[in-house]
Amino acid sequence: MSDLKATAEKGTDSAVAVLLPRMSNNEKVLQVVVPLVALAVGIAIWQWIVTANGIPKYILPGPGDAAVALFTDSATLWPALWVTLRITVMALAIALIGGVTLAIIIVQSKWLELALSPFTVILQVTPIIAIAPLILIYAPDTQTALMICAFLVAFFPILSNMVQGLKSVDHNLLNLFELYGANSWQTLLFLKVPASMPYFMAGLRIAGGLSLIAAVVAEFAAGSAGQGSGLAFRLLESQYRLNLPRMFAALIMLCGTGIAIYGLTSFIAWLTLHRWHESAIRREN
Amino acid sequence: MTTLTLPEAEASAAVPQRRLVVAMNNVSKVFSNGTLALKGMSLDVRGGEFISLLGPSGCGKSTALRIIAGLGAASSGSIDWPSSKINSHGLPEGDVGFVFQEPTLMPWETVFGNVYLPLKLRGVRKGEARDKVMENLTSVGLADFADAYPRELSGGMKMRVSIARALVTRPKLLLMDEPFAALDEITRQKLNDDVLALWQQTGITVIFVTHSVYESAYLSSRIVVMRARPGQVFTDLDIAQPALRDGAYRVSEFYRANCQKVSDALQGAIQSAES
């Protein structure tokens, strides 16, 4: 590499080739340590407020009480988390498949896009909580209804981002593919889909968070109860019983799930984009 | 340096005997907004020529190049490929390479992946294509960068990748649309020398769109000067060139005289559009 620069490339602009910046080990450690320390400090302040003011557990439990509830109530909380998680993941998966497929169909013709636009817009702007009761009537069971709600919410960001991405392909690259006689499958697979990945990943991150929110909100609206219910029902139930430690434990679980989904989708985005897209690249200046 | 005083007639006389690669016959192009981009352009391109299309902005030189490449059909007139196999799109089968004004690389592919693309689209397996791709990368001095991504390269290096990609199918005709306009002067001169060397080694036919008198006078064996409103051929100049073009040639009287001739023609083209 250096030989080449020293001879063939002398004086040309190859001297400014951007090589990937390296991060020092210290900086890597700090990137993990700083947010963790900040979080620990926040929890410590929470505990201090509770003990210093002598606040009773049924008004504001300390982080310790919540942690204990996480274990003592695990028989009720973990199955509930599993239900919510299953609804979230399935809704997201169906939204992914449906959103991407519909986006690919839509961009084939602008008339098709126009024809479908009222439906996609109606789905996007209608508050999902308002449709939930209706879906509950038609769906065979509550779980399915919740999944449909979560799907409807997660579907739109994926669809609109994917459509945007598929349309944002460099015009010259399209010309290049045309020049080499690429068929429409090749153009889709080798050009349009990779080019739309940054948009798709943005949609995926939004949809991942939204599908969890929708799974919880829809369950509030559905007012489901009993054994097969998710975390939203357990939250309401704890509220009625003034079992605040359990409520906090459930919230911590939801929060953890949200973080896990965000982390996973961000990781997938990083895996796909870190070698080439500006969004995943660190600059020195 | 006796070659520098080569008489013009000698160099130009050899050209018409070569086979015809592509011919534009009375080609016009009207855009959908009604602009007449190109009017009655005819151009015979013969094997081994290095033709520059030179002219002011809006003279239709890029449009002409794109029509030859089959990117956007002509409104009237025809493009003939007398010595090529024609595919179902009416384009010569793999006989054309195109270098755009921007490098036009796929950012998600490595340098290797980008150069491999034309072969991939023809269904050539990666393993079979490897030697050919690496050979082309070596010819533009980027073999060591095969695994780098475009964003890691400088503007000049990206352009080299683009040239390697255009040459990987062994085309008869290389079309270049102001390829070096965005590069700094030093890089541009280096790439001019490289393109010239590739042209001399491979015997490929080149059509090079530029708005630089000096670039066209340095590279071309023939310069087609175009005028604007409507875009059409103003004059067609054969340029005698020495076999060896280097730094000394750039400052020679012979080169200066060529530049003068081309510059005068370009001025004439600009004047005629304004009158």
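**Sheet, helix and domain arrangement in chain B**

Within chain B, B:F98 has B:L175 of strand β6 as its bridge partner. In this predicted model, the two strands concerned, β5(B) and β6(B) (residues 173–177), pair in the parallel sense over 4 bridges. Both belong to an open sheet of 6 strands in chain B, ordered β5-β6-β7-β3-β8-β9, with mixed pairing. The edges of this sheet are formed by β5 (96–99) and β9 (232–238) of chain B, each of which pairs on one side only. From one strand to the next, the twist averages 15 degrees.

Strand β8 of chain B (residues 222–227) is mostly covered, with 6 of its 6 residues buried. β8(B) is paired in the parallel sense with strand β3 (residues 50–54) of chain B over 4 bridges, and B:I51 has B:R222 as its bridge partner. With β9(B), by contrast, β8(B) runs antiparallel, the two being joined by 6 bridges; here B:V224 has B:D236 as its bridge partner. The hairpin of β8(B) and β9(B) has 4 residues between the strands, and in it B:R229 takes a positive phi near 45 degrees.

As a whole, chain B contains 9 helices and 9 strands. Its radius of gyration is 19 Å, close to the 19 Å that the globule rule gives for 275 residues, so chain B is as compact as a globular protein of that length. The C-alpha trace spans about 55 × 50 × 35 Å along the principal axes of chain B. Of the 275 residues in chain B, 46% are buried. Among contacts in chain B with a separation of 6 or more, 73% are between residues 24 or more positions apart.

Helix α3 of chain B (residues 111–121) has 9 of its 11 residues buried, so this helix is largely enclosed by the rest of the structure. The buried residues are B:V111, B:F112, B:N114, B:V115, B:Y116, B:L117, B:P118, B:L119 and B:L121. They pack against elements of both chains, namely α9 (184–222) of chain A and α4 (126–139) and α5 (155–167) of chain B. After α3(B) comes B:G123, which has a positive phi near 85 degrees.

The domain assignment divides chain B into domain 1 (2–95 + 172–274) and domain 2 (107–170). The C-alpha centres of these two domains of chain B lie 25 Å apart. Contacts between them involve 10 residues of domain 1 of chain B and 7 residues of domain 2 of chain B. On the domain 1 side, helix α6 (residues 185–202) of chain B gives the most, with 4 residues. The residues on that side of domain 1 of chain B comprise 7 nonpolar, 2 polar and 1 charged.

Chain A is likewise assigned a domain 1 (21–55) and a domain 2 (58–280). The C-alpha centres of the two domains of chain A are 29 Å apart. In chain A, 6 residues of domain 1 are in contact with 5 residues of domain 2. On the side of domain 1 of chain A that touches domain 2 of chain A, 4 residues are nonpolar, 2 are polar and none is charged.

Definitions and conventions:
Residues are numbered from 1 along each chain as its sequence is written. Chains are lettered from A and ligands numbered from 1 in the order in which they are written. This is a predicted model: local features need pLDDT of at least 70, side-chain atom pairs count only at pLDDT 80 or more; totals for chains, interfaces and linings use all residues. The radius of gyration is taken over C-alpha atoms; the globule rule is 2.2 Å times the number of residues to the power 0.38. A residue is buried if 20 or more other C-beta atoms lie within 10 Å of its own, exposed if 12 or fewer, and partly exposed in between; C-beta atoms are placed from the backbone. Two residues are in contact if their C-beta atoms, placed from the backbone, lie within 7 Å. Domain bounds come from an automatic or database domain assignment. Ala, Val, Leu, Ile, Met, Phe, Trp, Tyr, Cys and Pro count as nonpolar, Asp, Glu, Lys and Arg as charged, and the others, Gly among them, as polar. Two strands pair if DSSP finds at least two bridges between them. Axes are lines fitted to C-alpha atoms, for helices over the stretch in contact, and angles run from 0 to 180 degrees between N-to-C directions.
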